[in-house]
Amino acid sequence: MAFATRHFVRAASSAAATAAAKKLIIKHVTIIGGGLMGAGIAQVAAASGHTVVLVDQSEEILKKSTKGIEESLKRVTKKKFADKPEAGAEFVEKTLKNITTSTDAGAVVHSTDLVIEAIVENLEVKNELFKRLDKFAPERTIFASNTSSLQITQMANSTTRQDRFGGLHFFNPVPMMKLVEVIKTPMTSQKTFESLVDFSKAVGKSPVSCKDTPGFIVNRLLVPYMMEAVRLFERGDASKEDIDVAMKLGAGYPMGPFELLDYVGLDTSKYIIDGWHALEPNNPLFAPSPLLNKLVQEKKLGKKTGEGFYKYK
């Protein structure tokens with residue numbers, strides 16, 4: 001009898017351990033932030049059959065987000081369902097039905113599997129959000145940030161779920177860009193990491209893995225490259241026009257570094273490089289640029305303001 005009892009306890013313990021080790025199958029997603037990135041993530045998640053709640057501060061923002069998603073879906077269907085307009089219309093309708101909106105993040109995370117944050121790139125604001133949502137979300141819920149430059153570990157430390165916290169860095173425009181960087185902190189559990197990888201694949205993306213290092217993979221290589229182009233121009237070694245042409249024709253890049261800086265936003269690029277410089281002040285790759293600082297101070301932020309390194313109508 002004692003042997004049978006011990007055997008039963010071991011079997012039960014083993015079953016519990018196996019269950020605990022199982023990946024979370026993500027079906028319900030809450031996305032905080034209805035801007036371009038948040039709306040894009042909501043679109044691909046809903047289009048792949050996930051139940052999505054999109055959250056922002058006002059109904060006005062959410063209406064604009066929903067309208068943008070609908071327009072984006074219609075563009076997708078023109079290519080995907082070129083010969084089947086009825087199937088395309090059905091796809092749009094079905095996808096939109098998978099999305100609801102809310103202005104109360106705390107009220108909608110009580111039954112979600114995954115929270116993805118896509119708000120302003122400010123660590124303090126993000127930490128406040130995660131700290132608050134940590135009190136309302138179920139224990140199983142995974143938290144993820146779409147940050148492109150901030151430390152995931154610092155955000156995870158604002159919660160009690162460091163093992164259920166990671167990075168999901170999507171790229172703009174989300175419906176078109178195939179890449180997702182899945183970021184694993186020293187505390188992220190293997191189960192959480194695998195769940196995030198599976199979710200990335202489920203929404204039609206190609207995930208790559210990276211540790212919680214400044215800029216992850218893409219921006220860690222891309223931002224210093226763009227900054228070095230600025231320094232090349234600052235020194236008078238080449239014109240910005242020739243640098244752009246050289247990188248497009250010589251390296252096969254779709255955009256030159258100055259075109260890309262204007263597209264991304266000079267304020268965004270400055271914010272990233274300033275943050276990295278603060279972390280590693282002796283790293284020459286992270287040195288600030290006087291010219292970039294001057295343009296940002298003059299509110300010449302790129303395409304969104306009509307002028308950056310180039311002028312736009």
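Predicted model: local features only at pLDDT ≥ 70, side-chain atom pairs only at ≥ 80, totals over all residues.
When I speak of helices and strands this morning, I mean runs assigned by DSSP and numbered from the N terminus, where a helix is H or I with at least four residues and a strand is E with at least two.

Residues are numbered from 1 along each chain as its sequence is written, and side-chain values use heavy atoms, with hydrogens and water left out.

Let me begin with the whole protein. Its secondary structure comes to 13 helices and eight strands, and along its principal axes the C-alpha trace spans about 85 × 55 × 35 Å. Of the 313 residues, 44% are buried, where buried means under 20% relative accessible area, exposed means over 50%, and partly exposed lies in between, using a 1.4 Å probe and protein chains only. If we take contact to mean heavy atoms within 4.5 Å, then among the contacts with a separation of 6 or more, 67% are between residues 24 or more positions apart.

Next, the domains, whose bounds come from an automatic or database domain assignment. That assignment gives domain 1 (28-211) and domain 2 (223-305), and their centres, taken over C-alpha atoms, are separated by 29 Å. Eight residues from domain 1 and four residues from domain 2 take part in the contact.

How much area do domain 1 and domain 2 bury between them? The value is about 400 Å², with 52% of it on carbon and sulfur atoms; buried area here is the accessible area, again with a 1.4 Å probe, that two parts lose on being put together, summed over both. On the side of domain 1 that touches domain 2, the residues divide into three nonpolar, four polar and one charged, where Ala, Val, Leu, Ile, Met, Phe, Trp, Tyr, Cys and Pro count as nonpolar, Asp, Glu, Lys and Arg as charged, and the others, Gly among them, as polar. Between the two domains there is one residue pair in polar contact, both at pLDDT 80 or more, and a polar contact is a pair of N or O atoms within 3.5 Å, of which, within protein, one must be able to donate a hydrogen and the other to accept it, with residues adjacent in sequence counting only if both atoms are side-chain atoms. The count of salt bridges between domain 1 and domain 2 is zero, a salt bridge being a side-chain nitrogen of Lys or Arg within 4 Å of a carboxyl oxygen of Asp or Glu.

In the protein as a whole, that rule gives 17 salt bridges. E70 pairs with K74, with the closest N and O atoms 3.6 Å apart, and because these two are four residues apart in helix α3 (residues 59-80), about one helical turn separates them. Both ends are partly exposed, E70 at 30% and K74 at 43%.

R140 and D113 give another salt bridge, at 3.1 Å between the closest N and O atoms. This pair links distant parts of the chain, 27 residues apart, since R140 is in the loop between α6 and β5 and D113 is in the loop between α5 (105-108) and β4 (114-117). Here R140 is partly exposed at 39%, whereas D113 counts as buried at 8%. I will also mention that K294, E298, K300 and E307 are linked in a network of salt bridges.

Now back to T141, as promised. Is T141 buried or exposed? It is buried, with a relative accessible area of 0%. Its side chain reaches the backbone oxygen of T112 at 2.7 Å, and, leaving aside neighbours within four places in sequence, T141 is in contact with T112, D113, L114, V115, R161 and R164.

Not counting residues up to four places away in sequence, I272 touches S148, S149 and V223.
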